[in-house]
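Here is a quick tour of the model on your screen. Keep the viewer open and turn the structure as you read.

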Protein chains: 2
Amino acid sequence: MFDNFEKYLSERITLTNGEFSLIQSFSKEKKIAKREFILRQGEICGDATFIAKGLLRLSRTDHKGNERTLRFATENGWISDRESYLTGRPSNCNIEAIENSEVLFWGKEDFRHLLGQIPVLKRFMKDLMEKSQVVNQNRIFTSISSSAEEKYLQFIENHPTIFNRLPLHMIASYLGVTRETLSRIRRYPVNK
Amino acid sequence: MFDNFEKYLSERITLTNGEFSLIQSFSKEKKIAKREFILRQGEICGDATFIAKGLLRLSRTDHKGNERTLRFATENGWISDRESYLTGRPSNCNIEAIENSEVLFWGKEDFRHLLGQIPVLKRFMKDLMEKSQVVNQNRIFTSISSSAEEKYLQFIENHPTIFNRLPLHMIASYLGVTRETLSRIRRYPVNK
DNA sequence: CGATTCTTTGAAAACAGTCAATCTGTGTGG
DNA sequence: CCACACAGATTGACTGTTTTCAAAGAATCG
């Protein structure tokens, strides 16, 4: 399972064998069954998690009790509740496997240690954060400027490799519409 | 004008006089009149900008030609289009003064240099980024889980010091509703 | 004052949500 | 292998919310 991660890293940054070993020495592995949770509301998110295989989502329960999807993450992606991870406070979020998945993870302190030891890795993780900022900003823009249908079409564009692995109601919960509405959008797209 | 910034910093981190001088030596100042733009779509956002006084907004034009507000920033806040700043590519955004404002700014290279010289400052800016990530994630959650009225009420909660300095149509453009809808929401709140 | 910007209002139309029922596909246990 | 349960998707009828368009009413500023 670490192989996937090593490949992922080596395609993106240059590390010595010693550095790879160091990273591996702190890593832990876990298989997660479909529908299993690795983080539940109220728990503290204390790990940085890399997805070697599978599909997970970060979600949060709204005031009506519906699960809303903050984001999906798949092979070669990372997932955590940043807020809880950074503050050390209990999370509002859930992280759940949508498919049987395999992940690598590092405790917060271990990961911090690694970043301290390996500047290239630190720089790389910072780049990832910056990219996710851009993604989030664009999502906010879409959410305040597009109709449900436009949001759906953009979702497909932005997630070409995963949209057909997701049940429709989860896409709906990501877009902020009901599953019925999304079902109708998909059936009768507005022709322009 | 630098005084404000020095005060801002010294309330948050500890720097030597030499470090303050260094920061100041690279800083530039600017006054921005209400309705004036400091960034327009197509330009490259090459500065980190601190607001000493006033109120600005980051916005973007949607496909119907409406200006949508990505965020507001005021005294002791920072504003830039991260995407353009980071990539060096032309921005999709505008930054415009809503009130007569005074800002300090640093060119990207100068700022990078400062961060390299002053680790405490680097750490501080990283903290700010992380906080803004959390803010964005929460905004996304609100946008997919709340009604227009709830969004408005949350906006007031989250922006207690500026919501009454903003014209209503700009709040609407931040929330993703029309000004007419926001006007009605405000007039006839649902009683619960 | 006059011009501009901002806000409000009304009526109609478009859009999205709710509720209830049905349909489909999948996988599990007997 | 079948029957059944279950998760997921769809549909219809209805309700509620938001947008659109047009007009008019405040407020602000030079």
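Predicted model: local features only at pLDDT ≥ 70, side-chain atom pairs only at ≥ 80, totals over all residues.

Now try it out: is Arg187(A) buried or exposed? Arg187(A) has 7 other C-beta atoms within 10 Å, so it is exposed. You'll find Arg187(A) in helix 8 of chain A.

## Two copies, one axis

How does chain B relate to chain A? Turn chain B by 180°, with a shift of 0.0 Å along the axis, and it can be laid on chain A with an RMSD of 0.0 Å. That is how a two-fold axis relates two copies.

On the chain B side 21 residues are in contact, and they meet 21 residues of chain A. Strand 5 (67-74), helix 3 (82-87) and helix 5 (119-145) of chain B each put at least two residues into the side that touches chain A. Helix 5 of chain B has the largest share of that side, with 12 residues. Sorted by class, the side of chain B that touches chain A comes to 8 nonpolar, 6 polar and 7 charged residues. The copies meet through the same surface, because 100% of the interface residues of chain B are also interface residues in chain A.

## Helix 5, from both sides

Helix 5 deserves a look of its own. In chain A it covers residues 119-145, which makes 27 residues, and it reaches 39 Å from first C-alpha to last, close to the 39 Å expected at 1.5 Å a residue. Which residues of helix 5 of chain A are buried? They are Asn136(A), Gln137(A), Arg139(A), Ile140(A) and Ile144(A). The cover over these buried residues includes parts of chain B, namely strand 5, helix 3, helix 5 and helix 7 (168-175).

Switch to chain B for the counterpart. Helix 5 of chain B has 27 residues and also spans 39 Å between its end C-alpha atoms, close to the 39 Å expected. Buried here are Asn136(B), Gln137(B), Arg139(B), Ile140(B) and Ile144(B). Among the elements covering them are strand 5 (67-74), helix 3 (82-87), helix 5 and helix 7 of chain A. As for spacing, an α-helix has 3.6 residues a turn, so residues three or four places apart point the same way.

## The nonpolar core

The largest nonpolar core counts 81 residues, and the ones with the most contacts inside it are Leu56(A), Leu175(A) and Leu175(B). What does Leu56(A) touch, leaving aside residues up to four places away in sequence? Its partners are Ile51(A), Ala73(A), Ile79(A), Ile95(A), Glu96(A), Ala97(A), Ile98(A) and Ser101(A).

## Around the DNA

DNA strand C is surrounded by 15 residues, and the closest are Ala148(A), Thr181(A), Pro167(B), Leu168(B) and Ser183(B). Two or more residues of that surface come from each of helix 8 (179-187) of chain A and helix 7 and helix 8 (179-187) of chain B. Helix 8 of chain B gives the most, 6 residues. By class, the surface near DNA strand C has 4 nonpolar, 5 polar and 6 charged residues.

Around DNA strand D there are 15 residues, with Pro167(A), Leu168(A), Ser183(A), Ala148(B) and Thr181(B) the closest. The largest share, 6 residues, comes from helix 8 of chain A. The surface near DNA strand D divides into 4 nonpolar, 5 polar and 6 charged residues.

Most residues other than glycine have a negative phi. Arg35(A) has a positive one, near 75°. Arg35(A) sits in the loop between strand 1 (28-32) and strand 2 (37-39) of chain A, and it is exposed, with 10 other C-beta atoms within 10 Å.

Asn76(B) isn't a glycine either, yet its phi is positive at about 65°. Look for Asn76(B) in the loop between strand 5 and strand 6 (77-79) of chain B. With 15 other C-beta atoms within 10 Å, Asn76(B) is partly exposed.

How values were computed: Residues numbered from 1 in each chain as written. Chains lettered and ligands numbered in written order. Contact = placed C-beta atoms within 7 Å. Helix = DSSP H or I, 4+ residues; strand = E, 2+ residues; numbered from the N terminus. Nonpolar A, V, L, I, M, F, W, Y, C, P; charged D, E, K, R; others polar. Core = buried A, V, L, I, M, F, W, Y, C linked by C-beta atoms within 7 Å. Buried ≥ 20, exposed ≤ 12 C-beta atoms within 10 Å, placed from the backbone. Expected span 1.5 Å × (residues − 1). Least-squares fit on C-alpha atoms with pLDDT ≥ 70 in both. Near = placed C-beta within 6 Å.
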